[in-house]
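Reader: Can you walk me through this model? I'd like the surface first, then the inside.

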Amino acid sequence: MRALFLALIALFALSAPLAAQDMLPPAPYAYKQLPDPAQERKAQALMETLRCLKCQSQAISDSDAPMAGDMRHQVRTRIAAGEDPEAIRQWLIERYGDYVSYTPQVKPLTWPLYAAPLVFLALAAFLLRGRFRGAKRK
């Protein structure tokens, strides 16, 4: 019984930092727009192309997750500082990985994903061509 009690205390003690993350107040620009409308339009356009890592395929502009709020804050802060939206996107990709962007980059690792549909289309055309030629000969 005592071992179970100690195990439960250890479990709660180790899980406390996980709960603390969501208890922090949101970042200043998580829900507050930039004062300059042109900068806010740039920030909104960029935020709509970035994926919330916690929400699974929801844009950070639409997500209420604390992580999405932090990402919105980073985007707005960097836009307000005059940084280029594409540079911000690259920074977020370096920080969180390719999954954060809705527009994937063509890299040596990802080019087969772009080439595969063309290969399958060519294979289907080749097989159908052979099948129709066989039907004409009969």
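Author: The accessible surface of the chain comes to about 10100 Å², and 66% of that belongs to carbon and sulfur atoms. Areas come from the Shrake-Rupley method with a 1.4 Å probe; for residues, only the protein chains shown count as cover. This is a predicted model: local features need pLDDT of at least 70, side-chain atom pairs count only at pLDDT 80 or more, and totals for chains, interfaces and linings use all residues. Residues are numbered from 1 along each chain as its sequence is written, and side-chain values use heavy atoms, with hydrogens and water left out.

Reader: Which residues make the nonpolar surface patch?

Author: Met1, Leu4, Leu8 and Leu11 make a patch of about 480 Å². Patch residues have over 30% relative accessible area and no salt bridge; like charges are joined within 9 Å, nonpolar side chains (Val, Leu, Ile, Met, Phe, Trp, Tyr) within 5 Å. Leucine 4 sits in helix H1. Its relative accessibility is 52%, so leucine 4 counts as exposed. Buried means under 20% relative accessible area, exposed over 50%, partly exposed in between (1.4 Å probe, protein chains only).

Reader: How many helices and strands?

Author: The chain has 5 helices and 0 strands. Helices (H or I, at least four residues) and strands (E, at least two) are DSSP runs, numbered from the N terminus.

Reader: What share of the chain is buried?

Author: 22% of the 138 residues.

Reader: Which residues touch the most other members of the largest nonpolar core?

Author: Ala43, Leu50, Ile60, Val75, Ile79, Ile88 and Leu92, out of 16 residues in that core. H2, helix H3 (66–80) and helix H4 (85–96) each give two or more residues to this core. H3 gives the most, with 4 residues. A nonpolar core is a set of buried Ala, Val, Leu, Ile, Met, Phe, Trp, Tyr and Cys residues joined through side-chain atoms within 4.5 Å.

Reader: What is isoleucine 88 in contact with?

Author: Beyond its neighbours within four places in sequence, isoleucine 88 is in contact with Leu46, Val75, Arg78, Ile79 and Glu83. Contact means heavy atoms within 4.5 Å.

Reader: Switching to charges. How many salt bridges are there?

Author: The whole structure has 3. A salt bridge is a side-chain nitrogen of Lys or Arg within 4 Å of a carboxyl oxygen of Asp or Glu. One joins arginine 76 and glutamate 40 at 2.9 Å, N to O. That pair links distant parts of the chain, with arginine 76 in helix H3 and glutamate 40 in helix H2, 36 residues apart.

Reader: Are arginine 76 and glutamate 40 buried or exposed?

Author: Both are buried.

Reader: And what does glutamate 86 pair with?

Author: Arginine 89, at 3.3 Å, N to O. Both lie in helix H4, 3 residues apart, about one turn of the helix. Glutamate 86 is at 39% relative accessibility, so it counts as partly exposed. Arginine 89 has a relative accessible area of 12%, so it is buried.

Reader: Now the loops. Where does serine 63 lie?

Author: In the loop between H2 and H3. Serine 63 has a relative accessible area of 1%, so it is buried. A polar atom of its side chain lies 3.1 Å from the backbone nitrogen of alanine 65.

Reader: Why does tyrosine 31 count as exposed?

Author: Because its relative accessibility is 52%. Tyrosine 31 lies in the loop between helix H1 (2–23) and helix H2 (37–47). Leaving aside neighbours within four places, its contacts are Pro26, Asp64, Arg72 and Arg76.

Conventions. A polar contact is a pair of N or O atoms within 3.5 Å; within protein, one must be able to donate a hydrogen and the other to accept it, and residues adjacent in sequence count only if both atoms are side-chain atoms.
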